Amino acid sequence: MRTRGYPLAFPAFTWEVRANDRNYHMQFKKKFAFCLTKKKYAGNAIKTAKYNVFTFVPLNLYEQFHRMANVYFVFVILLQTFPEISTLPWYTLLFPLSCLLTIRGLRDLIDDIVSMGWSERLFHWQKWRDICVGDIVRLRKENFVPADMLLLCSSEPSSLCYVETADIDGETNLKFRQALLATHQELVSEESMAAFDGRVICEEPNSRMHSFTGTLEWRGETYSLDSERILLRGCKLRNTDVCYGLVIYAGFDSKIMRNCGKIKRKKTKLDCMMDRLVIIVSVVQTPPALVHLTWGCSQHSYLSALYKHTTPAQQAFFNFWGFTILLKQQSLEGIRDHFFINWDLEMYYAVKDIPAKARSTSLNDQLGQIEYIFSDKTGTLTQNVMSFKKCCINGTIYGNFWWTQQHRHNSTSLWPTADHHGEKKLDFYDATLLEAARRDSDPVLREFLRLLALCHTVMVEEKDQLVYQAASPDEEALVLAAKNLGYVFLARTQDTITISELGLKRTYKVLAMLDFNSDRKRMSVLVRDPQGTIRLYTKGADTVILERLQRRGPNETFTEMALDRFAEETLRTLCLASKEVSEIEYSMWSRRHHEASVLLQDRARELDKLYEEMEQNLQLLGATAIEDKLQDGVPETIQLLKLGNIKVWVLTGDKQETAMNIGYACKLLTDDMEILEEKEIRLWVRSQPHVLSPKDKILHTGEVLKEKGRLWQRLACCKATGSQDRGSLVEKAFVDLATSCQAVICCRVTPKQKALMVQLVKKHKKAITLAIGDGANDVNMIKTADIGVGISGLEGMQAVQCSDYALAQFSYLQRLLLVHGRWAYLRICKFLRYFFYKTFAGLMAQVWFAFHSGFTAQPLYEGWFLALYNIFYTAYPVLSVGLLEQDVSAKKSLEFPELYVIGQQDELFNYRIFGVTLLHGVSTSLASFYIAFWAFEDHVGSKAVGDYESFAVTVATSSLLSVLVEVSTDLPFPILAQQQMFRDCSPGLSDTIPNASLNALTDPYILLVVLLSLVVNTIPSLTVHLYHTIMGKTTTQQVRAVQGLARRGGGSASCQHWCPGLVRALLVRGRVRFPREAAAWTVVVGHVTSP
Amino acid sequence: MAVNYSVKEEADGHPSGGVGVPGGGAVGGGGGGAVKTRKPDNTAFKQQRLPAWQPILTAGTVLPAFFIIGLIFIPIGIGIFVTSNNIREYEIDYTGTEPSSPCNKCLNVSWDSTTPCTCTINFTLEHSFESNVFMYYGLSNFYQNHRRYVKSRDDSQLNGDNSSLLNPSKECEPYRINEDKPIAPCGAIANSMFNDTLELYRIDNDTRIPITLIKKGIAWWTDKNVKFRNPTGDGNNLTALFQGTTKPVNWPKPVYMLDSEPDNNGFINEDFIVWMRTAALPTFRKLYRLIERKNNLQPTLQAGKYSLDIAYNYPVHSFDGRKRMILSTISWMGGKNPFLGIAYITVGSICFFLGVVLLIIHHKYGNRNTSADIPN
């Protein structure tokens, strides 16, 4: 790769790094905003905390005022500072607002502190922080790479360096990076490192993980650099003792950080709706505020002097804003109780001592509205632990006793030579196979095991025992299996592989490695055995291997059947084959192979062609079946989520077969589904922009969509070349297609594409999305989705750090969504409903009063009463809802995932419900006001004299009690707090207008008025409730009833009239999900079908 | 300058340390010898198993409530209605808008007219008033609840605070200072105080027998003794105490000349206190005088002819207001008001009716939800 005198072909490359020259990098500044500049080369410190001591107050306030309600609030408070306008004492509004802001601010602060673990960070990251661009860094084995750097040299031969990129793309296999020959040869000691003065010129920092272009100029020569020479921040150094690198991008410039999307404040659907409602409410308030214009007060002689200095227009203006103040909405933010998620024992993972954690406090209600779940595969759905389960050798299937677990064979000495290596991971135990292997009589079996030991890319480390470091867990599982059956892979050098065959050490010379890629779907190794015979060993996907066989006999047919059986058991299958290669054939092939491998152009294609030639006429040895263990409860969870009308999409970097296998394993795909693959999709999507009514085609039973990364490139092409709308039409068509499928699996997607996928669904479907993942490669998607869930598992902590919720297991998702999410949504909705009801019921009386006070915005309620009305008097029972409301128990929530649908369809709080609530509140206020009005007008009681204050107390008491009664008919109360609450209310009332309320509330007449309005307000809603109860219309009751039925085994009641839908839904799945309860469900069936 | 640098120590300390985002992980870095488990407590509160009581509305509980409400409300309503009907009330509108009215001549009286315009209205009581009679004046279309009006007073001045007396609150503007002197009492409410004088005579064979009108005891005790106080100082001479202040613009005489009796003069004049307790609604009545029953032998006001002498000072014509004089006996529920009784009867009936309807519905469809009230 050495290109002498390489001209600077990329003039756009402005990123210049000089080794060991900190001062050089310091001097560059770049424009940042206005005249502010910042350093061009970022430091390596990364700060993810949102606030620090100085920015907390302004930043937090800024964020809080993103809520319309707060802005409106402050606007109103500002208005109040004008004495001409002010209708209420200043504290009336400021008090609730400051309470609100303080509470929320503190909560945000705690969130931030907790999520970032301040103290820990300061301690841990001290040293990484000091790294600058241009530094040379030494890394040892198992170190994380602290910044993007150019590999200069390593301790391994030919300057190889193995890295694990699990944190970046989720792949656990090792990848190698190679240093330039020049630097590897020259930089032998640390002194020479210190003297290194190379100059790297490359592209500006960007987010492309897999590309890098630049040049190194050193000692007058120019070398070209590509991504093979770069160690990315976040990789882990493996199998390499020491390596040295030159830092090129640090901190926020590094590729992984560039790939982390911007942190955006997440807003829930209800938040957005609240914002809109605040606007609506303030618009609605305008008419009463304007009506006063029709009322002139100038002829009222006793008032006219008050307006001597103002023109009618001014009066109108002041009055308008006076009304605005009076009718302001106090938006008491729902207390979203995230603690219950943290406290849930059912989501506590005892094995690792990890409880669930809600890292964001304000998104809980959104959990009840999820429509799409985007899931990572490796580590999220699966445990990322592979185990060898079965095999089929020469027409015999072994491994039927695969479920006998490790415990047994741990104690059994499997093989004299193998036992000192120990075996931990083998779930495979079949005495017959072991016996056969020991007998060593079947040549096919021998070849089979030899292949397992030879054909792989596993690295071995000899410590006190053999440690295999595999590119993929599958390979490790295969090699381990071979080891346990007596074929132990011992060592690998550049061109030899040493294995121990039944205790006999043999060294094979590796003639060629025909490596794996996703197009070939197979890998082969060409070896010369100690006897001098050349053999080709191939393993690969069944489709590929089977079409390259020399002959097809009964064995092959049987193996094919076995493969089908394995696949049905959702095992990952591989076919193994081999052939003998003659010396002549090899020498010819070898020559061409050598020629091809030095080609500069089209090398890959030529090599592929050569490999293809070699891998022909194979002899089938057998097949293996590996299980990538799913996490506990994944299929059940997915099943439940599906029943809850949540669509689960799997986005994975894995290859298609693996992804599909997992899809079947976790019940995401079932056999009756039709699978659409990439090609079909392309056709589909291409035809789509022109045909926009494809409903008939989409609507056949179950479709599964497969999507490959390349589609994205195509989309990108479309956008670049064609017009913008065509691109978006394609997108739209794709989303339409994808969302009409039951399940979607996207393979080979990069982190960015994962995020794009989420974005796409958000954009076109306006649905609430949840992304769940465990690795750094999921961070983007987690941040993009409305809700991000991190699995705190094996692959580092990055996903968790960016997530809103952290779980230990995928299966806890069902509880998080179906129980906590649904409850939270229910609570927030009830809270909002009663909040609006209470507000309208209380404050609309102001409007009615305005009609009788000359539209002058005279407050009907006393200042403190107004201030406290929202916060204490009615918020208390309403808050008890927030904490205690459970329409059905957690257990029932999981049994009836259909209940989740209400959240997705916004059934509990939408504009219609808002309208109903508004009307309800208005009618309550009308009743309380006008009953008091008619009772008071031109009337003097025995004690109350028809004065303003008595009137205010009467109206306030009636509406307050009405709200309380209304709330208590539909909401649960903490048993203890109930009396407390009523005790709290009454003295508060008396304090506000002391003697007036005393006089008023002891007047029997007034008490009768209050009682009347209470009854008038309660009767209608009670009637409606009762009607619904009788007609069985409430979901809760339906479910309760069905629960009751189920409990009694359908013994008594017949429910066909009022819950047919529900029961029918149960019928369909009752047998599937609850085999044990099948009897009970069947009884219900009987009732339905026999009226 | 090569940085010989190893991240070994940190990596060892934090096996699960992520990249880019600092922190060994508040959640995942568990194993590091932490003895304390993070298992959540198994308490009723934390596991959301708190007992909560939720009323379950079933026909069994709600229907009886409907009937009970109906059964209670209807008698109450009838009781109120009867009580209200038993209250004697007589009302005269003496605004004088009709040309035939004796007070028509005074219609255009103004605040600052020096000589009072008087008029006399004769009326006949058909029924005698047996118990104590309350005499009210009533105003209509008078917005005592106007926002600016309600605020236009200084409570501390009325409470006898000497500094406020001479320096009234800004709220009183523009009735705060007149001719460089502070107004006592200041503000629009005081300024517009009702100042008609009403006198009642019984006409017995063409002789006018004056009826004693008691002017004390018409204000709330707390108002008279707590909220309103005269300024304090040497002596009890109110004239001296109000030195340095001026009368409200519309008043003919200063506040210390409202009444001859010292305990009903100044700020504690009960007519003044009653006026200062602003009415809630634009049509209101305020207590003016009491007529006590003399003895048990004869009614307080026997049926017959009466005449009302009015010193007409208070102009209401300009804003279409009305002035009334009301004579009323009172019961436990105050004055006459048929509304409440009717309302109670109506609501009670509706409740009963709804109960019946729901009962029918319940009987027709209700047998199918016997399981609906299974507790959760």
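Trainee: Is A:R528 buried, partly exposed or exposed?
Mentor: This is a predicted model. Buried means under 20% relative accessible area, and exposed means over 50%. A:R528 has a relative accessible area of 24%. That makes A:R528 partly exposed.

Trainee: Which residue meets A:R528 in a salt bridge?
Mentor: Side chains of opposite charge can pair when their charged atoms come close. Here the N to O distance is 3.1 Å. The partner of A:R528 is A:E583.

Trainee: How many residues apart in sequence are the parts that A:E583 and A:R528 tie together?
Mentor: A:E583 lies in helix α21 of chain A, residues 583-597. A:R528 lies in strand β23, residues 522-528. So the pair ties together parts separated in sequence by 55 residues.

Trainee: Is B:R285 buried or exposed?
Mentor: B:R285 forms a salt bridge with B:E89, with the closest N and O atoms 3.4 Å apart. B:E89 is partly exposed, at 27%. B:R285 has 5% relative accessibility, and the cut-off for buried is under 20%. B:R285 is therefore buried.

Trainee: What is the distance between the closest N and O atoms of B:D196 and B:K323?
Mentor: B:D196 sits in the loop between α6 and β7 of chain B, and B:K323 in strand β11. Both residues, B:D196 and B:K323, are buried. Their salt bridge has its closest N and O atoms apart by 2.6 Å.

Trainee: How many salt bridges does the structure hold?
Mentor: Some link up into a network, such as that of A:E447, A:R450, A:E501, A:R506, A:R535 and A:E580. Over all chains, the number of salt bridges is 34.

Note on methods: Residues are numbered from 1 along each chain as its sequence is written. Chains are lettered from A and ligands numbered from 1 in the order in which they are written. This is a predicted model: local features need pLDDT of at least 70, side-chain atom pairs count only at pLDDT 80 or more; totals for chains, interfaces and linings use all residues. Side-chain values use heavy atoms; hydrogens and water are left out. A salt bridge is a side-chain nitrogen of Lys or Arg within 4 Å of a carboxyl oxygen of Asp or Glu. Helices (H or I, at least four residues) and strands (E, at least two) are DSSP runs, numbered from the N terminus. Buried means under 20% relative accessible area, exposed over 50%, partly exposed in between (1.4 Å probe, protein chains only).
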